Amino acid sequence: MMKKTVLETHGLRREYRVGRNTVVALDGVDISIYEGEFVAIVGPSGCGKSTLLNLLGGLDQPTQGKVQLDSYDLAEFSEEQLAALRRQEMGFIFQRHDLFPVLTARENIEFPLLLGGKTPEERKILSDKLLKQIGLLEKADHLPDELSGGQQQRVGIARALANSPHILLADEPTGNLDSATGEEIVNILIHLTQGQGLTLVMVTHDPEVANRADRVLTLCDGHLVLEPSKETEVLS
Ligand SMILES: Nc1ncnc2c1ncn2[C@@H]1O[C@H](COP(=O)(O)OP(=O)(O)OP(=O)(O)O)[C@@H](O)[C@H]1O
Ligand SMILES: [Mg+2]
């Protein structure tokens, strides 16, 4: 069966100007991400992982090259179209949770639904379902401050999934959690995404997490490192 490509990059390059210097964060990255797969992005600190993820999500624009979503060039989207895309097609999870501190767990999860024009009844039904899925129904009325780091991260996952995105982009979602909590978060993510045929792209520095991915992309100094395939291993 043909795999459907959902995200694709061609000659992706991102430079940052810092004073008189130019930092090349990504240089000539070509990748394809297929529908429903879990791709891990790994590599040393500063190699361009977050830069790549931000470009894939249309949060940032390349200096050269392009990102295609379902074969459409993101550069051709207007600001409004990009905003709608981020709201409807993609979910984002960041390393440091970015929950709204004055909103409860439930209100945080319902926020994208509110933006999407859902009625209070629809929001309640969906947030109930998501709170159950992340095992936090009894903490629905807690503020982020009144939750543990792992619980906050779970609320972040639920919020990212609230609008039923097709693609979930996660930048070290387990980065500042202890390994047991991190594993639990990854279990929840894998469970929730596989159940819905969702495409998951996750930046991680944890080899155990990367091990659970369908595919691992390794970056080094802004370049993709080609892993030797099974065939070449046998031949060499
Ligand atoms: N806004 C910016 N301005 C200037 N340089 C930047 C900016 N953002 C990132 N860089 C530089 O680009 C390179 C890639 O950064 P990036 O954040 O993508 O790395 P990373 O792989 O995510 O690292 P980490 O694992 O530490 O999160 C680094 O050299 C970084 O210093
Ligand atoms: Mg990063």
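Here are some questions and answers about this predicted model.

Me: In which sense do β3 and β9 pair?
Reply: Strand β3 covers residues 38-42 and strand β9 covers residues 215-220, with four bridges between them. One pair to look for on screen is A40, which stands opposite V216 in β9. The sense of the β3 and β9 pairing is parallel.

Me: And on to the hairpin of β9 and β10: which residue there takes a positive phi?
Reply: β9 pairs with strand β10 (residues 223-225) in the antiparallel sense, over three bridges. Within this pairing, T218 has V225 as its bridge partner in β10. Two residues lie between the strands of the hairpin, and the one with a positive phi, near 50 degrees, is D221.

Me: Now for ligand 1: which element supplies the largest share of its shell?
Reply: The residues around ligand 1 are Y16, V18, V23, A25, G43, S45, G46, C47, G48, K49, S50 and T51. At least two residues of the shell come from each of β1 (5-18), β2 (21-34) and α1 (49-56). The largest share is three residues, and the element supplying it is α1.

Me: By class, how many residues of the shell around ligand 1 are polar?
Reply: The shell includes G43, S45 and G46. Its classes split into five nonpolar residues, one charged residue and a polar group numbering six.

Me: Are α3 and α5 roughly parallel or roughly antiparallel to each other?
Reply: Helix α3 (residues 105-115) packs with helix α5 (residues 149-161) at an angle of about 25 degrees, their axes being 7 Å apart. Angles under 35 degrees count as roughly parallel. The two helices, α3 and α5, are therefore roughly parallel.

Me: One last question: how many residues of the contact of α3 with α5 are nonpolar?
Reply: α3 passes α5 in a right-handed crossing. From α3, the residues A105, N108, I109, F111 and P112 meet V155, A158 and R159 in α5. One of the contact residues is polar and one is charged, while the nonpolar ones number six.

Conventions:
Residues are numbered from 1 along each chain as its sequence is written. Chains are lettered from A and ligands numbered from 1 in the order in which they are written. This is a predicted model: local features need pLDDT of at least 70, side-chain atom pairs count only at pLDDT 80 or more; totals for chains, interfaces and linings use all residues. Axes are lines fitted to C-alpha atoms, for helices over the stretch in contact, and angles run from 0 to 180 degrees between N-to-C directions. Angles under 35 degrees count as roughly parallel, over 145 as roughly antiparallel, 65 to 115 as roughly perpendicular and the rest as oblique. A crossing is left-handed if the near helix is turned anticlockwise from the far one by less than a right angle, and right-handed if clockwise. Two residues are in contact if their C-beta atoms, placed from the backbone, lie within 7 Å. Ala, Val, Leu, Ile, Met, Phe, Trp, Tyr, Cys and Pro count as nonpolar, Asp, Glu, Lys and Arg as charged, and the others, Gly among them, as polar. A residue is near a molecule or strand if its C-beta atom, placed from the backbone, lies within 6 Å of it. Two strands pair if DSSP finds at least two bridges between them.
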